[in-house]
Amino acid sequence: MKTTVILTVLLGMTAVSAYVEELDDTFMETKEETEIWLIEFYSPWCAFCKQLDPVWHAIGSELRSLGSPVRVGKSDATAHTGLAKEFKVRGYPAIMVLKNDRKYNYEGPRTKDGIMDFANRVAGPDVRGLPSQQMFQHVMSRQPVMFVYIGASSPLKGNYTAAAKELIVHTYFFSAGRDILPKDVNIPKLPAVAVFKEDTVLTYSEETDGDLKMWINRERFRSYSKIDSYTLYSMGDTGKMVALALVDDRASWEKSRRYKSLVEQVALNHKELYSKDFYFGYMEGGDYVKGLVMGEVLMPSIIVLNLSNDGYFLPPIVMETEQHLMDFLNGVLDKSFECQGGSGVSQRVRRLVYEARNTLTPLFERAPMVGCVLLSIPVVGVALICYMGYKWKVPSQGEKDGQEALPGAQIEESPGKSGAIEQKKKSAAEKKSD
């Protein structure tokens, strides 16, 4: 009986593994041009890669069972360095889709649903057509933010398609005729690009919104939402700041709930004032922000992050009302409040020390001797470099006395010594003439 169970488990593992192919340096030479691949680059010693492994095999199995055209593979980047270099892998695990020789990097959470949504989105058309009102309503009910091109072919559609090809890693793109839109939607001028979110419709204007791709990148986030570290990282590319409620439902639940509600009210009730400069949301736990500010963070609290330069703003008073928060945001905008942190030289040095301390402290706690050895290596290296530099710069005693000079060096002699040399040369010439 036990043997049967073991064989069943082994066969099941083999079947699952069959859906994920191991790739080596010959992959680019042997793959077919039309194939779409979802690839993970991993390292055998990477703990995050080991955690992802069962998720990765489950993704391979489900995509195969759904009849997806996406093939799933993985590659040991430490063994197949040529392939890793081809895909410019810089960290593990690295996840990407290869489609038509174009690479799309995945920067979202390492979850099954997140990765599968990314793969299905990128594998499909860059712009998906909506043929009916029913389909339009169905998609809108599932997409919190929905970009739609409306109208016939035009230069704007070409720009929209080009933007979709690049930004498909983040969101879906659709196109529809005017008759497909809901009756209550008013688009004054066609063709147009519109975004549907939070029961509102915003239309792109080149005169006021600038570059189309940059506008899409700014508008692809909801006005208020739950934010994680991956979302914060993506928000950093938009130029907007983030007004964030840091909450902890395990303690101070009532205060956390009040801060979340306060940020949401300002976000939704005053869009016209702040949507151009801020995103709003809440984050559970403060570990990520703690690393950003390089110190302890009061929980719960409200903070404004400037992700473009790793800066942050803390409110000068306790936030009790909408007006308190609005005064704080206005002060951030008119620079009444000092931006702390940043990316200056001193902050970079401080961050280096902070990260080194956070890395070494757990190591010293678990294995003090190993920590001492690792810490001594850079210290000895720096000391050796300083010593060699000192020896190179300090002249030897012979060089001080003028006994030895570097080849090609010119020594300026005193007038007296120069005269003596000339006298010796003259005497030698006279003796030779005699």
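The secondary structure of the protein chain comes to 18 helices and 16 strands, where helices (H or I, at least four residues) and strands (E, at least two) are DSSP runs numbered from the N terminus. This is a predicted model, in which local features need pLDDT of at least 70, side-chain atom pairs count only at pLDDT 80 or more, and totals for chains, interfaces and linings use all residues. Residues are numbered from 1 along each chain as its sequence is written, and side-chain values use heavy atoms, with hydrogens and water left out.

**The chain as a whole**

- Of the 434 residues in the protein chain, 36% are buried (buried means under 20% relative accessible area, exposed over 50%, partly exposed in between, with a 1.4 Å probe and protein chains only).
- Among contacts in the protein chain with a separation of 6 or more, 69% come from residues 24 or more positions apart (contact means heavy atoms within 4.5 Å).

**The sheet β1-β3-β2-β4-β5**

- Five strands make up this open sheet, in the order β1-β3-β2-β4-β5 and with mixed pairing (two strands pair if DSSP finds at least two bridges between them).
- β1 (20–22) and β5 (102–105) are at the edges with a single partner strand each, so one side of each has no neighbour in the sheet.
- From one strand to the next, the twist averages 30 degrees (axes are lines fitted to C-alpha atoms, for helices over the stretch in contact, and angles run from 0 to 180 degrees between N-to-C directions).
- Strands β2 (residues 36–42) and β4 (residues 94–99) run antiparallel and are joined by six bridges; I39 has M96 in β4 as its bridge partner.

**Helices α3 and α5**

- Helix α3 (residues 47–65) packs against helix α5 (residues 112–123) at an angle of about 45 degrees, and their axes are 10 Å apart.
- The two helices are therefore oblique to each other (angles under 35 degrees count as roughly parallel, over 145 as roughly antiparallel, 65 to 115 as roughly perpendicular and the rest as oblique).
- L52, V55, W56, I59, E62 and L63 of α3 make the contact with K112, I115, M116 and N120 of α5.
- Look at E62 in helix α3: at 27% relative accessibility, E62 counts as partly exposed.
- Leaving aside neighbours within four places in sequence, E62 is in contact with K112 and M116; E62 and M116 are 54 residues apart in sequence and 9.1 Å apart in space, C-alpha to C-alpha.

**The sheet β6-β8-β7-β9-β10**

- Here, too, you can follow an open sheet of five strands, ordered β6-β8-β7-β9-β10 with mixed pairing.
- At its edges stand β6 (128–129) and β10 (200–203), each with a single partner strand, so one side of each is left without a neighbour in the sheet.
- Strand β7 (residues 145–150) runs parallel to strand β8 (residues 173–176), and four bridges join them; I150 stands opposite A176 in β8.
- Helix α6 (residues 133–142) lies across β7, β8 and β9 (192–197), at about 150 degrees to β7.
- Helix α9 (residues 212–219) lies across β7, β8, β9 and β10, at about 5 degrees to β9.

**Helices α7 and α9**

- Helix α7 (residues 155–167) and α9 pack at an angle of about 50 degrees, with axes 9 Å apart, which makes α7 oblique to α9.
- On the α7 side the contact is made by L156, N159, Y160, A163, E166 and L167, and on the α9 side by L212, K213, I216 and N217.
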